[in-house]
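Dear colleague,

Please read them with the coordinates open beside you.

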Amino acid sequence: EVDAAAVRAVSSEAPRVANEMVAQHVSHMLWAIGKLAEMGVEVDVAAVWAVSKEAPRVASKMSPRDLALIFWSWAQLLESGHPIRSLCDEAALFSTKARWTEVLSLINTQDKGMTEWALTVIETAEKEAA
């Protein structure tokens, strides 16, 4: 069972500390939020936005795994009913997709499959939002 008070506490702090996060913290925070959404927990989209907003700042330091986690998180949140523009801006999408193309040759099979699924979900949402 998820501790709702703990989720609220972490969500309320995310916007305050997001600008201090390194690439791995950004990806892991978004993954955790996506995991909560997958479990049916109501997530704070303001926290998602604040953390996602940091993606352009840290994208060049993101590992293939970091990117896979971020894309999976955004896709999971989209599938939970959150519109793409409530989760991240175009700069976050652009910087992470650009980094993905840079590290594509380093991706393991599991992360590649997960990310291809996630990018399909994200690209469909982008088209619908346009």
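**Salt bridges and their surroundings**

R57 counts as partly exposed, because its relative accessibility is 43%. Please keep in mind that this is a predicted model. The side chain of R57 meets that of E54 in a salt bridge, with 2.7 Å from N to O, and E54 counts as buried because its relative accessibility is 9%, which falls under the 20% cut-off.

The structure holds 7 salt bridges, and two others deserve a description here.

One of them is formed by the side chains of D111 and R65, at 2.3 Å from N to O. Since D111 belongs to helix α8 (residues 109–129) and R65 to helix α5 (residues 64–79), the pair ties together parts that are 46 residues apart in sequence. D111 counts as buried, with a relative accessibility of 4%, whereas R65, with a relative accessible area of 38%, is partly exposed.

The other links K35 with E38, whose closest N and O atoms are 2.7 Å apart. Both residues lie in helix α2 (residues 23–38), where they are 3 residues apart, or about one turn of the helix. K35 counts as partly exposed at 30% relative accessibility, and E38 likewise counts as partly exposed, at 39%.

Note on methods
Residues are numbered from 1 along each chain as its sequence is written. This is a predicted model: local features need pLDDT of at least 70, side-chain atom pairs count only at pLDDT 80 or more; totals for chains, interfaces and linings use all residues. Side-chain values use heavy atoms; hydrogens and water are left out. A salt bridge is a side-chain nitrogen of Lys or Arg within 4 Å of a carboxyl oxygen of Asp or Glu. Helices (H or I, at least four residues) and strands (E, at least two) are DSSP runs, numbered from the N terminus. Buried means under 20% relative accessible area, exposed over 50%, partly exposed in between (1.4 Å probe, protein chains only).
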